[in-house]
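Let's take a friendly walk through a protein model together. Have a look at the fold before reading on.

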Amino acid sequence: MPPKQRITRDMIIDAAVEVASQQGHENINARTVAAQLHCSTQPVMYHFTTIESLKKAVYAHVDQMHTDYLMRCPEGRDPILSIGLNYVRFACEHPRLFRFLFQSGYTEGDSLTDLLESDALEPILAAMEAGAALDRERTKNVFLTVALFAHGCASLIANNGLRFDETQLADHLARAWNGAVLAAKEESL
């Protein structure tokens with residue numbers, strides 16, 4: 001008889017991400033995760049004493065997945081446009097995970113200011129700062145303008161209120177970016 005498979009914390013998180021992706025984050029519980037792993041609920045509850053602690057671990061994992069997804073920029077394409085398109089594309093390809101990240105109440109911080117000071121945002125701000133040739137404070141303002149536009153589109157797509165059209169979205173994102181950069185440069189005069 002083969003030995004029983006040892007269920008690790010990472011395996012549980014991966015299974016819970018799959019549950020969130022297929023059924024929504026509200027369906028993450030010991031039974032659904034155990035079913036995904038084809039095991040009893042005991043390993044789930046051993047590694048995570050509460051479902052809330054499991055959901056927080058899953059949120060952190062999905063947040064990192066999202067950041068990695070955003071930073072995949074094709075060679076020769078404007079990195080800012082790529083990040084914006086990737087943000088919306090993630091909502092299109094992973095609507096339940098997008099809703100978990102941005103519409104579930106698990107987001108750390110309560111304001112846009114908290115977001116702007118987040119360590120996770122650093123690589124995105126650095127890319128934007130280099131692309132726009134602006135100082136950090138003006139870059140943050142440009143980020144807010146573009147992020148609000150992209151988030152609105154992504155939310156509509158994730159909630160079936162808008163169809164994803166990459167060409168049209170790229171055009172509008174470029175306009176939002178160019179307008180925000182122009183406004184930031186005019187402020188510095």
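Leaving aside its neighbours within four places in sequence, which residues is His66 in contact with? The model you see is predicted, and in it His66 touches Tyr87, Phe90, Leu101 and Phe102. His66 itself lies in helix α4, residues 51-70.

Helix α5 (residues 79-93) packs against helix α6 (residues 95-103) at an angle of about 115°, with their axes 5 Å apart. On the α5 side, the contact is made by Tyr87, Phe90, Ala91, Cys92 and Glu93, while α6 brings Pro95, Leu97, Phe98, Leu101 and Phe102. Sorted by class, this contact holds nine nonpolar residues, one charged residue and no polar ones.

Now turn to the surface. Leu112, Leu115 and Leu148 form a nonpolar patch there, with about 260 Å² of accessible area together. Here are two residues side by side:

| Residue | Helix | Relative accessible area |
|---|---|---|
| His66 | α4 (residues 51-70) | 4% |
| Leu148 | α9 (residues 136-158) | 53% |

Is His66 buried or exposed? His66 is buried, because its relative accessible area of 4% is under the 20% cut-off. Leu148 is exposed, because its 53% is over the 50% cut-off.

Finally, step back to the whole chain. It has 10 helices and zero strands, and its C-alpha atoms fill a box of roughly 75 × 30 × 30 Å along the principal axes. Of its 189 residues, 39% count as buried. The chain exposes about 10,800 Å², and carbon and sulfur atoms supply 52% of that area.

Notes
Residues are numbered from 1 along each chain as its sequence is written. This is a predicted model: local features need pLDDT of at least 70, side-chain atom pairs count only at pLDDT 80 or more; totals for chains, interfaces and linings use all residues. Side-chain values use heavy atoms; hydrogens and water are left out. Axes are lines fitted to C-alpha atoms, for helices over the stretch in contact, and angles run from 0 to 180 degrees between N-to-C directions. Helices (H or I, at least four residues) and strands (E, at least two) are DSSP runs, numbered from the N terminus. Contact means heavy atoms within 4.5 Å. Ala, Val, Leu, Ile, Met, Phe, Trp, Tyr, Cys and Pro count as nonpolar, Asp, Glu, Lys and Arg as charged, and the others, Gly among them, as polar. Patches are made of residues with over 30% relative accessible area and no salt bridge: like charges are joined within 9 Å, nonpolar side chains (Val, Leu, Ile, Met, Phe, Trp, Tyr) within 5 Å. Accessible areas come from the Shrake-Rupley method with a 1.4 Å probe; for residues, only the protein chains shown count as cover. A salt bridge is a side-chain nitrogen of Lys or Arg within 4 Å of a carboxyl oxygen of Asp or Glu. Buried means under 20% relative accessible area, exposed over 50%, partly exposed in between (1.4 Å probe, protein chains only).
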